Amino acid sequence: MNNQPAKTFQDLIVWQKAHQFVLSVYRLTQNFPSSETYGLTSQLRRASVSVPANIAEGFKRKTLAEKIRFLNIAEASLEESRYYLILAKDLNYGNTEILSIDLNEVSKLLYSYSKTIETRNQKS
């Protein structure tokens, strides 16, 4: 395992996994009913895209407090995505089981990354 500091947000495993989650969300939502184009499809895609986008934006923030803020926004968007996956499952719009597992993995990685940043902030 490479313990070198990340040079770009793309080096972060949490970002890589979040990006893969988004790609999977797009594949799932392609099969949603057309009546959901401006409803659940749009909402789920928007929430999921927000996760890696906020990880990326937080990566370049200058202060640790700003980094933590953007990671918290990513965590909140991930929880929003969790609800939309529950709704999609309940509406029988597709199999969300694997996506839910992927979401849990991203959630754990994001939590760990956030805690690492917060620990650095407390030591500063």
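Glu118 is partly exposed, with a relative accessible area of 25%. Welcome to this structure, which is a predicted model.

- Lys115 and Glu118 both belong to helix α4, where they are three residues apart, or about one turn of the helix.
- Like Glu118, which is partly exposed, Lys115 counts as partly exposed, because its relative accessibility is 36%.

**A network around Arg61**

- Glu57, Arg61 and Glu66 are linked in a network of salt bridges.
- One link joins the side chains of Glu57 and Arg61, with 2.6 Å from N to O.
- Another link joins the side chains of Arg61 and Glu66, with 3.6 Å from N to O.
- Arg61 has 28% relative accessibility and so counts as partly exposed.
- Glu57 is also partly exposed, at a relative accessible area of 36%, and Glu66 counts as partly exposed at 29% relative accessibility.

**Aromatic rings**

- Phe32 and Tyr93 form a tilted aromatic pair, with 5.2 Å centre to centre and 50 degrees between the planes.
- This pair links distant parts of the chain, as Phe32 and Tyr93 are 61 residues apart.
- Phe32 sits in the loop between α1 (13-29) and α2 (40-59), while Tyr93 sits in the loop between α3 (64-90) and α4 (97-123).
- Both Phe32 and Tyr93 are buried.

**Charges over rings**

- Lys67 places its charged end over the ring of Phe59, 5.8 Å from the ring centre.
- Arg69 has its charged end over the ring of Phe70, 5.0 Å from the ring centre.

**A look at Gln16**

- You will find Gln16 in helix α1.
- Is Gln16 buried or partly exposed? Gln16 counts as partly exposed, because its relative accessibility is 35%.
- Setting aside neighbours within four places in sequence, Gln16 is in contact with Gln10 and Asp11.
- Gln16 and Gly58 are 42 residues apart along the chain, and their C-alpha atoms are separated by 15 Å.

Methods
Residues are numbered from 1 along each chain as its sequence is written. This is a predicted model: local features need pLDDT of at least 70, side-chain atom pairs count only at pLDDT 80 or more; totals for chains, interfaces and linings use all residues. Side-chain values use heavy atoms; hydrogens and water are left out. Rings of Phe, Tyr and Trp (its six-membered ring) pair if their centres lie within 6.5 Å; planes under 30 degrees apart count as stacked, over 60 as edge-to-face and the rest as tilted. Helices (H or I, at least four residues) and strands (E, at least two) are DSSP runs, numbered from the N terminus. Buried means under 20% relative accessible area, exposed over 50%, partly exposed in between (1.4 Å probe, protein chains only). A charge sits over a ring if NZ of Lys or CZ of Arg is within 6 Å of the ring centre and within 35 degrees of the ring normal. Contact means heavy atoms within 4.5 Å. A salt bridge is a side-chain nitrogen of Lys or Arg within 4 Å of a carboxyl oxygen of Asp or Glu.
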